[in-house]
Amino acid sequence: MRRGGGGGGGGGGERRRRKKRERKGEGERRGGEEKDLYHGKGALEALKSFTGKKAMICVGGGSMKRFGFLDRAVGYLKEAGMEVELFEGIEPDPSVETVMRGAEAMLKFEPDWIIAMGGGSPIDAAKAMWIKYEYPDIT
């Protein structure tokens, strides 16, 4: 998932949209839109090409860590020069409380990138967290 820069609150929405427009052209495109869903072979290595200063990785249970995918993702993002923060422990059918905790963590950390790894629950939770992070005044 991708998000524009800037923090939450007062006037940040336009700043985030402007930064997002300035970044057009980064990454691959499909149908005129930025490609922000990476999967399959080479998806983790694509993290090395991301530009920005901060990334947050959202994961569920321990399988991404157990099988080494989380460490590889963190390594690739650090190789790209980013500071990385983890939001771990997203449960199946994520609760509103989990989403709100994640959104609060995003508001404090202010990531340029949000990466969701694992099954549908971390991906769905990260999308909901992003909405609250990107549009804190209307959600």
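Author: Let us begin with a definition: a helix is a DSSP run of H or I with at least four residues, and helices are numbered from the N terminus. In this predicted model, Thr98 lies in helix H4, which covers residues 96-109.

Reader: Why is Thr98 called buried?

Author: A residue is buried when its relative accessible area is under 20%. Thr98 has a relative accessible area of 3%, and therefore it counts as buried.

Reader: What makes the link between the side chains of Thr98 and Glu91 a polar contact?

Author: The pair of N or O atoms must be within 3.5 Å, one able to donate a hydrogen and the other to accept it. The side chains of Thr98 and Glu91 are joined at 2.8 Å, so the distance meets the cut-off. Beyond its neighbours within four places in sequence, Thr98 is also in contact with Phe87, Ile90 and Met129, among others.

Reader: Why is Gly81 called exposed?

Author: Exposed means over 50% relative accessible area. The value for Gly81 is 56%, so Gly81 counts as exposed. Gly81 is placed in the loop between helix H3 (69-79) and strand S4 (83-87).

Reader: Which residues are in contact with Gly81, leaving aside its neighbours within four places in sequence?

Author: They are Gly52 and Lys53. As for Phe50, 31 residues separate it from Gly81 in sequence, and the C-alpha to C-alpha distance is 9.2 Å.

Reader: How much of the protein counts as buried?

Author: The share is 39% of the 139 residues.

How values were computed
Residues numbered from 1 in each chain as written. Predicted model: local features only at pLDDT ≥ 70, side-chain atom pairs only at ≥ 80, totals over all residues. Heavy atoms only, no water. Buried < 20%, exposed > 50% of the residue type's maximum accessible area, 1.4 Å probe, protein only. Helix = DSSP H or I, 4+ residues; strand = E, 2+ residues; numbered from the N terminus. Contact = heavy atoms within 4.5 Å.
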